[in-house]
Amino acid sequence: MTTIGRPLYAPGPESPWERVHDELVRTGSVLVHGRMPGWQPEAGAADLRLLLGRDWARYEKLARPGMRERFLASRLFLRYTAAAAVQTLPHLVDVAYLPGGRPYVRGLDQIDISLSHTDETMVVGVTRRSRIGVDVERADRRLAHTGSEAQACTPFEKRNLDRGAESARNDTMVRMWTLKEAYSKALGQGLRFRFTEFGFALRGASGARLVRPDGSATDDGGWTFGTFAVGGSHVVSVAVFDDGFGELSDVSVGTTLHEGLLDALYGATGAELPGPADSGNPAGVLGDADGVDTVAGA
């Protein structure tokens with residue numbers, strides 16, 4: 001069974017990032033949450049374009065100030081977290097997006113990432129298992145006795161809501177909603193996957209099991225789910241898929257190249273092995289003196 005630890009708090013770029021890598025190695029997945037005010041850079045920061053990478057063009061096109069600030073903070077938060085997970089520098093993390101908008105890190109197939117934010121709270125999930133999805137919502141978001149129940153609940157979930165205490169109904173709805181968002185994101189479907197086509201049987205205070213709309217059991221097939229409270233005001237849910245191909249315990253970019261591959265690369269070229277200064281610089285390791293991704297450049 002995959003283990004998912006409680007989310008770690010990263011108040012800003014100067015956070016104790018070693019915890020992120022340690023948690024990823026220990027459990028296989030890590031959740032990190034932060035608040036947007038702590039992730040707003042100083043006006044005129046010179047390295048924003050470098051840090052945002054391919055997100056810079058999108059950032060420049062955003063006209064509304066509030067939207068620009070949220071986009072900037074969430075993308076910086078995502079890059080710093082992913083960089084900490086694999087022990088490299090944030091500006092070396094090349095975040096790209098699949099057609100549905102799902103983010104991934106180019107050139108780092110050993111990890112999968114997910115981002116969610118609402119209000120001023122942000123959450124990033126990283127896993128070395130296979131796939132991950134995260135979602136965050138305000139704990140007091142009103143969902144009970146609204147159209148959300150018809151849109152999001154299976155018959156099995158609706159029966160359980162009706163049997164439960166009225167005082168817990170909205171809390172249960174928020175938990176199920178975030179679980180469904182997280183699972184859909186991990187699948188790369190987002191809101192295109194109808195929430196009434198799958199359900200959850202909640203387990204204790206944080207666990208859950210995937211079930212069919214009628215409540216019958218399914219083969220979870222490597223999926224693990226969890227829900228956590230963060231910041232005293234928000235609920236975070238996560239879905240992690242373990243493909244069963246074994247664990248990758250070393251996810252540091254400085255050590256994931258197999259020694260045999262290094263020998264082949266440098267033996268063929270007659271080059272010297274990279275020193276500590278080259279750690280985290282794939283372009284330098286592969287002999288690209290200008291640090292240019294030749295595939296992307298083409």
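A residue counts as buried when its relative accessible area is under 20%, as exposed when that area is over 50%, and as partly exposed in between, with a 1.4 Å probe and protein chains only. By this rule H145, at 51% relative accessibility, counts as exposed. The structure is a predicted model, in which local features need pLDDT of at least 70 and side-chain atom pairs count only at pLDDT 80 or more, while totals for chains, interfaces and linings use all residues. Residues are numbered from 1 along each chain as its sequence is written, and side-chain values use heavy atoms, with hydrogens and water left out.

H145 sits in the loop between strand 7 (131-138) and helix 5 (147-152), where helices (H or I, at least four residues) and strands (E, at least two) are DSSP runs numbered from the N terminus. The phi of H145 is near 60°, a positive value in a residue other than glycine. D119 also has a positive phi without being glycine, here near 55°, and this residue belongs to the loop between strand 5 (112-118) and strand 6 (121-127). With a relative accessible area of 42%, D119 is partly exposed.

From these loops the reader can turn to a sheet. Five strands form an open sheet in the order 7-11-10-9-8, with antiparallel pairing, two strands being paired if DSSP finds at least two bridges between them. Strand 7 and strand 8 are the edge strands, each pairing on one side only. Neighbouring strands of this sheet are turned by 25° against each other on average, direction ignored; the axes are lines fitted to C-alpha atoms, for helices over the stretch in contact, and angles run from 0 to 180 degrees between N-to-C directions.

Within the sheet, strand 8 (residues 199-203) and strand 9 (residues 207-211) pair in the antiparallel sense over five bridges. G199 has V211 of strand 9 as its bridge partner, and R203 stands opposite G207 in strand 9. The hairpin of these two strands has three residues between the strands, and in it G204 takes a positive phi near 60°.

Helix 7 lies across strand 7, strand 8, strand 9, strand 10 (223-230) and strand 11 (234-241), running at about 150° to strand 7, where contact means heavy atoms within 4.5 Å.

Aromatic rings connect the helix with what follows. Rings of Phe, Tyr and Trp (its six-membered ring) pair if their centres lie within 6.5 Å, and planes under 30 degrees apart count as stacked, over 60 as edge-to-face and the rest as tilted. The structure holds 15 aromatic pairs. The rings of Y183 and F198 have centres 5.2 Å apart and planes at 65°, so this pair is edge-to-face; it links Y183 in helix 7 with F198 in the loop between helix 7 and strand 8, 15 residues apart. Both Y183 and F198 are buried. Y183 also forms an edge-to-face pair with F200, at 6.3 Å centre to centre and 85° between the planes. Ring pairs link W177, Y183, F195, F198, F200, W223, F225 and F241 into a cluster.
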